[in-house]
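Please look at the sequence and structure before reading on.

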Amino acid sequence: MSKPKVLVARAIFPETIDRLAQHFEVESNQADEAWSKAQLIGKLQGKVGVFTTGSERIDAELLDACPDLKICANMAVGYNNFDTDAMTAHGVLGTNAPDVLTETTADFGFALLMATARRIAESEHFLRAGKWQKWAYDMFSGSDIHGSTLGIIGMGRIGQGIAKRGAHGFGMKVIYHNRSRLDAALEAECKASYVGKEELLKTADHVVLVVPYTPASHHTIGAAEIALMKPTATLINIARGGIVDDAALAVALRERRIAAAGLDVFEGEPKVHPDLLTVPNVVLTPHIASATVPTRKAMADLAVDNLVGYLVNGKPLTPVNPAVLAPK
Ligand code: DGY
């Protein structure tokens, strides 16, 4: 009997392809070619599953053109590349890759916060450029992490991981804002207090964004929100491009309305707003918060487990639109 066909849309670990090949006939993009939407649609003909990485847009137009498709398995916890309503309407399941990246991503959020507040990237560029002639009392003075107030917007698993690092490791006072308040036991574990968004922006020394991207969270931070922040504050975005108005942020950084920002995600990435590239007080990284080998392997494994779970055993592990699974 022939095996069901699946597509892997981007280059991935060879062992991931090997695992898939045990169950499926696999076509993959190991050359990591940039496929247009029309090319992706062409490749998906006859495929029942697709392994996506978060950069392939799955919408009604694609679904209309790919009638065999049953599941899209994202190797990412975020799934704003999925139009979940259209997928549900077409009976196509979406899955994501939560949990396996929580601690790695929280580590990175904290690393970016440290690098930003303590001006590590900026001072390293200065040194490499041969500009370091003498020590000076005020050279690259940043802001303290320990004992400061950490404000987290988006208190899911990654936000909680960052809160614990701040509260338990650095003695920070942690405040958070979220769609819904955590239960008392979780708040105690994270040593975090719930506040309104405005209070958080006004009082935090460091603001970290970890909210999922949805139309409602578009430009959660724009010029008006930045205006509420302390002039000494730092802003960290490890959530998604579009959560911050990057153009407004670049202006605020240039005018020193806040001290600094650390960004791992960008509106329209991999393009970066050109004004961000010319301001010194921002640390820019290319969407690498989950990038350690063990974690990326675990994310890929979970996407494979979802494809096998659904297409072979009828039981996906982490569906994002479970309505597709409801008995008809
Ligand atoms: C995720 O998993 O959503 C990360 O941003 C990596 O894409």
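Two strands pair if DSSP finds at least two bridges between them. Strands (E, at least two residues) and helices (H or I, at least four) are DSSP runs, numbered from the N terminus.

## Basis

The model is predicted: local features need pLDDT of at least 70, side-chain atom pairs count only at pLDDT 80 or more, and totals for chains, interfaces and linings use all residues. Residues are numbered from 1 along each chain as its sequence is written, and side-chain values use heavy atoms, with hydrogens and water left out.

## The sheet

Five strands form an open sheet in the order β2-β1-β3-β4-β5, with parallel pairing. β2 (25-28) and β5 (93-95) are the edge strands with a single partner each, so one side of each has no neighbour in the sheet.

Strand β1 (residues 5-8) is joined to the parallel strand β3 (residues 49-52) by 3 bridges. Leu 7 has Val 50 as its bridge partner in β3.

## Helices across the sheet

Contact means heavy atoms within 4.5 Å. Angles run from 0 to 180 degrees between N-to-C directions, with axes fitted to C-alpha atoms, for helices over the stretch in contact.

Helix α1 (residues 14-21) lies across β1, β2 and β3, at about 150° to β2. Helix α13 (residues 293-311) lies across β1, β3, β4 (71-74) and β5, and runs at about 160° to β4.
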